[in-house]
Amino acid sequence: VNKKITPKLGSEIRGVQLTDLDAAGKDELALLVAQRGVVVLREQDFAKKGPEYAVDYGKHFGKLHIHQTSGHPETIPELHITFRRPDHKEFERVFEDSNSSITWHTDVSYELQPPSYTFFTVLEGPDGGGDTLFSDSIEAFNRLSPSLQKYLSTLHVVHSSKEQAQNSKSQGGVQRRAPVTHVHPLVRVHPVLKKKSLFVNRSFSRRIVELKKPESDLLLKFLYDLVDNTHDLQLRANWEPGTVTIWDNRRVHHSAVIDWEEPVSRHAFRITPHGERPVEDLKYLNDVSYFPSDFSSEF
């Protein structure tokens, strides 16, 4: 069973096991995720296969990202763990200096080659709540006037991991490598869909290179508000036992929702293949000289 969650964004699939897919099937899955932005697969046995299996599975889609700060199993650094303790202090910390738990972002956009897809599954969580929000940055770009689209396509944005590293350090977290800063085009071209999207997010984008800071702040706020607050660009995905959700970071922004009241654990993991270096012009998509031949030294 394959049904659309919204007309333009998101599909929910039942009756297909990720673990049954051969290489060709995985390629078809990658195409579907690009086309729909978000694919929610129900009743999966994916997590039951263990962390080594999940990492081997993810490597079909590219070199896997190793997060700069998150915990992971001792010998499996590619498995990114997200864990929230069954402790009311966790909620107090989230809302200590904020009125909302919503933090829109695309995964680790500060890397030289940010992720393409994210595979995410919840091992343990609340009976209700803890959903994930998604917003379509291709459709957001399409909503803009042609003149503004043209102007934005000339701009570049600084993405930084320094603030994330500092936040982790302040809470006693690990720091595996030095924080990084990279400049990416504000508007990128999706390599599969050949469509333009807004590649900025509140969590990791810092400044538009070509503008003065007050100008940059004003324009970025407008774009953040467009992606984050326009409900007809968005969907809300919930988590059932065995759910695996896959999304395309080159197209969608997402945010966790912390809204449950019972002090229960929320334990999840993700695997995140690196994608290509973002480009702002269609002519670069077939120019291999634009992309580094080896990016291992960057990570």
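Visitor: What should I know before we start?

Guide: This is a predicted model, where local features need pLDDT of at least 70, side-chain atom pairs count only at pLDDT 80 or more, and totals for chains, interfaces and linings use all residues. Residues are numbered from 1 along each chain as its sequence is written, and side-chain values use heavy atoms, with hydrogens and water left out.

Visitor: Okay. Which residues touch the most other members in the largest nonpolar core?

Guide: They are Leu18, Phe46, Leu79, Tyr117, Phe119 and Ile246, out of 23 residues in that core. A nonpolar core here is a set of buried Ala, Val, Leu, Ile, Met, Phe, Trp, Tyr and Cys residues joined through side-chain atoms within 4.5 Å. Buried means under 20% relative accessible area, exposed means over 50%, and partly exposed is in between (1.4 Å probe, protein chains only).

Visitor: Which elements give two or more residues to this core?

Guide: Those are helix 1 (23-36), strand 3 (38-41), helix 2 (51-58), strand 5, strand 13 (244-248) and strand 15 (266-271). Helix 1 provides the largest share, five residues. By the way, helices (H or I, at least four residues) and strands (E, at least two) are DSSP runs, numbered from the N terminus.

Visitor: Let's look at strand 3. Which way do its residues point?

Guide: Val38 and Val40 point one way, Val39 and Leu41 point the other way, and all are buried. Strand 3 also pairs with strand 2 (residues 11-13) in the parallel sense over three bridges. Two strands count as paired if DSSP finds at least two bridges between them.

Visitor: And what holds paired strands together?

Guide: Strands of a sheet pair through backbone hydrogen bonds, either parallel or antiparallel.

Visitor: How many bridges does strand 7 make with strand 8?

Guide: Five, in the antiparallel sense. Ser160, for instance, has Thr181 in strand 8 as its bridge partner. Strand 7 (residues 156-160) pairs with strand 11 over three bridges, including Val157 with Ile208 and His159 with Ser205.

Visitor: Switching topic: how much space is in the second largest pocket?

Guide: About 300 Å³. Of the 24 residues lining this pocket, Val122, Trp239, Glu240, Pro241 and Gly242 are the closest to its centre. Strand 5 (residues 117-124) gives the most to the lining, with four residues. On a 1 Å grid over the protein atoms alone, a pocket is an open set of points where a 1.4 Å probe fits, with protein on both sides within 12 Å along at least five of seven lines, and lining residues have an atom within 4 Å of a point. The volume is the space filled by probe spheres set on the points, which are joined across faces, edges and corners.

Visitor: Last one: where is Lys194?

Guide: Lys194 lies in the loop between strand 9 (187-189) and strand 10 (196-198). Its phi is near 60°, a positive value in a residue other than glycine. Most residues other than glycine have a negative phi. Glu43, in the loop between strand 3 and helix 2, has a positive phi too, about 55°.
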